[in-house]
Amino acid sequence: MALMPRLRQLLRRPFSASTVGARRPSTARRQGDTVHEDALRAMLSDDPNDERAFHALAEIVRRRAAESPHADDPLTAPVDDVAKQRAADLAVWSLAEELAGHPRGWRPLLELGRLSLSDDPEGAVRRLATAAERDPDGVALADGLQILRDAGMPTEALGLGIGHWRAREHTPEVGRQLVLAALDAGRVHEARQHLASLELHPGTEAMRAELAATVAAAEQATPT
């Protein structure tokens, strides 16, 4: 099932987006969350890629969404963990989708890509590619490659990286992720090629030495 239809289904459930993130200042802790949330949103309106602010705000909306609105009612059946996780993911999706509307916002797109991998892998890769295109430094690209590698999609990571990597301009972490993705995919020769491309980036001697050892070990383990 594609992600968007599933999200639409979730929106019609009791823990829908109409209540996700709703402020319920019935306790001092929630009042504190409200003040903190306003400050974080102000920071993200200036810089939608502020990593610490984004993750802090995502944690607030995730925790709030996972809480039962009737937690203090002993007659209310407890919400199961799967429903809590689903509600929390939907809350973070809504937040990331809101922030991704910023023309420079690439970090929210990374989160949308991460959340949509299982239901819509092609759409997830497109979101990661858009994130990469919005970030001239290559941080978004490197993070996108890591997300795909962690999801067991090294071939998709290679496609994304090869299509967007600018070795002289991007952080060398992109090159490192490409080498590792090639090794994950069993393409040792390709890993060696990406390693050589890192020579275009100054100051990567230590990184290249470490990667060279990893590639050499993979070459020795590869049957001839």
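1. Start with the H6/H8 pair. The axes of helix H6 (residues 121-134) and helix H8 (residues 154-164) come within 11 Å, crossing at roughly 25°. Angles under 35 degrees count as roughly parallel, and H6 and H8 are therefore roughly parallel to each other. Their crossing is right-handed. Note that this is a predicted model.

2. The residues behind that contact are as follows. H6 contributes Val 125, Leu 128, Ala 129, Ala 132 and Glu 133. H8 answers with Glu 156, Leu 160 and His 164. Sorted by class, the contact of H6 with H8 holds five nonpolar, one polar and two charged residues. An α-helix has 3.6 residues a turn, so residues three or four places apart point the same way.

3. Next, H6 itself. The helix has 14 residues. From first C-alpha to last it reaches 20 Å, close to the 20 Å expected at 1.5 Å a residue. Its buried residues are Gly 123, Ala 124, Arg 127, Leu 128, Ala 129, Ala 131 and Ala 132.

4. Pro 121 and Glu 156 lie 35 residues apart in sequence, yet their C-alpha atoms are 9.5 Å apart in space. Beyond its neighbours within four places in sequence, Pro 121 is in contact with Ser 116 and Met 153.

5. The axes of H8 and helix H9 (residues 173-184) come within 8 Å and cross at roughly 145°. This crossing is left-handed. On the H8 side, the contact uses Pro 154, Ala 157, Leu 158, Gly 161 and Ile 162. On the H9 side, it uses Leu 178, Ala 181, Ala 182 and Asp 184. By class, the contact of H8 with H9 has seven nonpolar, one polar and one charged residues.

6. Now the link between those two helices. Thr 171 is found in the loop between H8 and H9. Its relative accessible area is 24%, so Thr 171 is partly exposed. Setting aside residues up to four places away in sequence, Thr 171 touches Asp 137, Gly 138, Val 139 and His 201. Thr 171 and Ala 140 are 31 residues apart in sequence and 9.8 Å apart in space, C-alpha to C-alpha.

7. H4 has 19 residues. Its reach from first C-alpha to last is 27 Å, close to the 27 Å expected at 1.5 Å a residue. Buried in H4 are Ala 83, Ala 87, Ala 88, Leu 90, Ala 91, Val 92, Trp 93, Leu 95, Ala 96 and Leu 99.

8. Last, the chain as a whole. Its secondary structure comes to 11 helices and zero strands. Of the 224 residues in the chain, 42% are buried. Among contacts with a separation of 6 or more, 62% join residues 24 or more positions apart.

Key:
Residues numbered from 1 in each chain as written. Predicted model: local features only at pLDDT ≥ 70, side-chain atom pairs only at ≥ 80, totals over all residues. Heavy atoms only, no water. Axes fitted to C-alpha atoms, helices over the stretch in contact; angles between N-to-C directions. Helix = DSSP H or I, 4+ residues; strand = E, 2+ residues; numbered from the N terminus. Parallel < 35°, antiparallel > 145°, perpendicular 65-115°, else oblique. Left-handed = near helix turned anticlockwise from the far one by under 90°. Contact = heavy atoms within 4.5 Å. Nonpolar A, V, L, I, M, F, W, Y, C, P; charged D, E, K, R; others polar. Expected span 1.5 Å × (residues − 1). Buried < 20%, exposed > 50% of the residue type's maximum accessible area, 1.4 Å probe, protein only.
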